[in-house]
Amino acid sequence: MLTFFRRHLAWKLFLSYVIVVLVGVVVLATTTSFSVPAAFERHMAGMSAMMPGMMVNSHSMEMELFANYRASVTEALSLAVITALIAAVVASYFISRQVVNPLLTMMNLSHRIAEGEYKERLTISRDLSQMDELDQLVLSFNQMADKLEKTETMRRQLIGDVAHELRTPLAAIKGYIEGLIDGVIPAEGNTYQRIHDEINRLQRLVDDLQELSQVESGAFHLKPELVSLSDLIDTIKNIFVPQFDQKNIQFQIQIEPDLPPVLIDKDRILQVLTNLIGNALQYTPSGGKVTVQISKQRSEILISVSDTGIGISPEHLPFIFNRFYRTDKSRARSSGGSGIGLTIAQALVKAHHGRIWAESGGEGKGSTFYFTLPIPKKGL
Ligand code: ADP
C-alpha cells in the first residue's frame with residue numbers, strides 16, 4: 001500500500017493535502033475542546049443577564065444544552081473536514097493533471113526514443129516568457145531529442161558511407177582473386193601490383209577513418225608551442241619541392257616579413273598544410289602553378305594555398321569540407337582520395353580557434369583554400 005502511494009505523484013499530492021487537513025482538524029478539535037466549555041459558560045452567563053426570566057436553573061437542563069452545543073460544534077467541524085477533503089481531492093486531481101500528465105507523456109516519449117523513434121516531440125503551449133519549470137523541462141527534453149536525432153542520422157550516414165567506400169576496393173580485390181583462381185587473369189607481377197594498390201587504398205581509408213573519428217569526437221590533444229612560420233615553411237619545402245618538380249608544377253611561397261610566431265600544434269598544422277598543398281598538387285595539371293601565401297590580417301595569420309588547377313564548381317563548393325565529399329567520385333577514387341582530408345583539416349583548424357574556407361572561379365579556373373590562425377596575445 002505504502003509503495004503504491006510512493007509510486008504515484010497524484011496520490012502523494014493527495015496525501016499531502018490530507019495530512020494538512022488532518023493537522024488542521026486536530027488543532028481545531030483540541031482548541032475547541034478547550035474553548036467550547038468556557039465559551040458555553042460565557043454565553044449562558046450573558047443570556048442569564050439579558051433574560052433573567054428565562055434562567056436555566058436546573059443542572060440537568062444546562063448539561064443538555066451543553067451537549068447540544070458541543071454536538072453542533074462537532075457537526076460543523078465534521079462538515080468542514082468533509083468539505084476540506086473534497087477540496088483536497090479536487091485540487092490534487094487538477095494539479096496532478098498539470099504536473100503528472102506532461103511527465104507521463106515525457107516518460108512515454110523517452111521510451112519510444114530509446115526504441116529508436118526520434119521524430120516525435122512534446123508540445124509547449126506557452127511562449128518563452130511565460131514558461132514555468134515544467135515547460136522548461138519539456139523544452140530541454142525536446143532539445144535533447146533534436147540532438148539525439150541528429151547524432152543518430154550522422155551515425156547511420158557514416159555507416160552507409162563507410163560501407164560504400166569499402167565496397168569498391170573490396171570488389172576489385174575479389175575480382176582479381178577470382179580471375180586468378182579461374183585462370184582468366186594472368187598470375188604476373190602487374191596483377192599482384194594492382195591487388196597491392198587496392199589493399200593500400202583500403203589501408204589509407206581505414207587510417208583516415210580512425211583519424212576522422214578522433215578529430216570529430218575531440219579525442220585528441222593539441223600540443224601547442226610557439227612556432228615560427230618560416231620554420232613551418234622550411235619543413236613544407238622539404239616535403240613538397242621534389243614532388244612539384246617531378247610533376248613540373250611551379251611552387252611558390254610568399255611570406256610576409258617579420259611575422260610573429262604562432263601558438264600551434266606544429267604537427268597538426270603541418271598536417272593541414274600538407275593536405276591543402278597535396279590537393280593543389282593533385283588537382284593541378286603539369287605546367288600549372290601553386291602559390292602559398294602567409295600574411296598578417298589584424299589579429300590573425302592568414303594562410304592561403306592557390307592553384308591554377310581544375311577548380312571547383314559553385315554547386316560543389318559548399319560541400320567540399322563534408323566527409324566523403326568528392327566533386328568527381330570516380331576520378332578521386334581512382335587517385336586514392338577518400339574525401340576525408342578536408343574534413344580532418346577543418347576540425348584541426350577549428351581546434352586552433354581558426355577558420356577555413358575555399359574559393360574558386362569555377363571549373364578549370366583554379367581554387368584557393370584559406371585558413372586563419374589567431375596571433376597569441378602579448379605575454380604568452
Ligand atoms: P580527397 O582525399 O578526395 O582529396 P579531400 O577532403 O582532401 O579528399 O578533398 C575533397 C574533395 O574536394 C576532393 O575530392 C576534390 O573533389 C575537391 N578538392 C579539394 N582540393 C581541391 C583543389 N585544390 N582543386 C580542386 N578540387 C579540390
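How far is an oxygen atom of the ligand from an N or O atom in the side chain of Asn279? In this predicted model, the distance is 2.8 Å, a polar contact (a pair of N or O atoms within 3.5 Å; within protein, one must be able to donate a hydrogen and the other to accept it, and residues adjacent in sequence count only if both atoms are side-chain atoms). Local features need pLDDT of at least 70 and side-chain atom pairs count only at pLDDT 80 or more, while totals for chains, interfaces and linings use all residues. Residues are numbered from 1 along each chain as its sequence is written, and side-chain values use heavy atoms, with hydrogens and water left out.

At Leu342, a backbone N or O atom lies 2.7 Å from a ligand oxygen. The ligand taken alone exposes 530 Å², of which the protein buries 97% (Shrake-Rupley method, 1.4 Å probe). Helix 7 (266-282), helix 9 (341-351) and strand 7 (367-374) each give two or more residues to the shell around the ligand, and helix 7 gives the most, with three residues.

Now to Ser92, which is found in helix 3 (residues 59-114). Helices (H or I, at least four residues) and strands (E, at least two) are DSSP runs, numbered from the N terminus. Ser92 has a relative accessible area of 5% and is therefore buried (under 20%, 1.4 Å probe, protein chains only). A polar atom of the Ser92 side chain lies 2.8 Å from the backbone oxygen of Ala88.

Notes:
Buried < 20%, exposed > 50% of the residue type's maximum accessible area, 1.4 Å probe, protein only.
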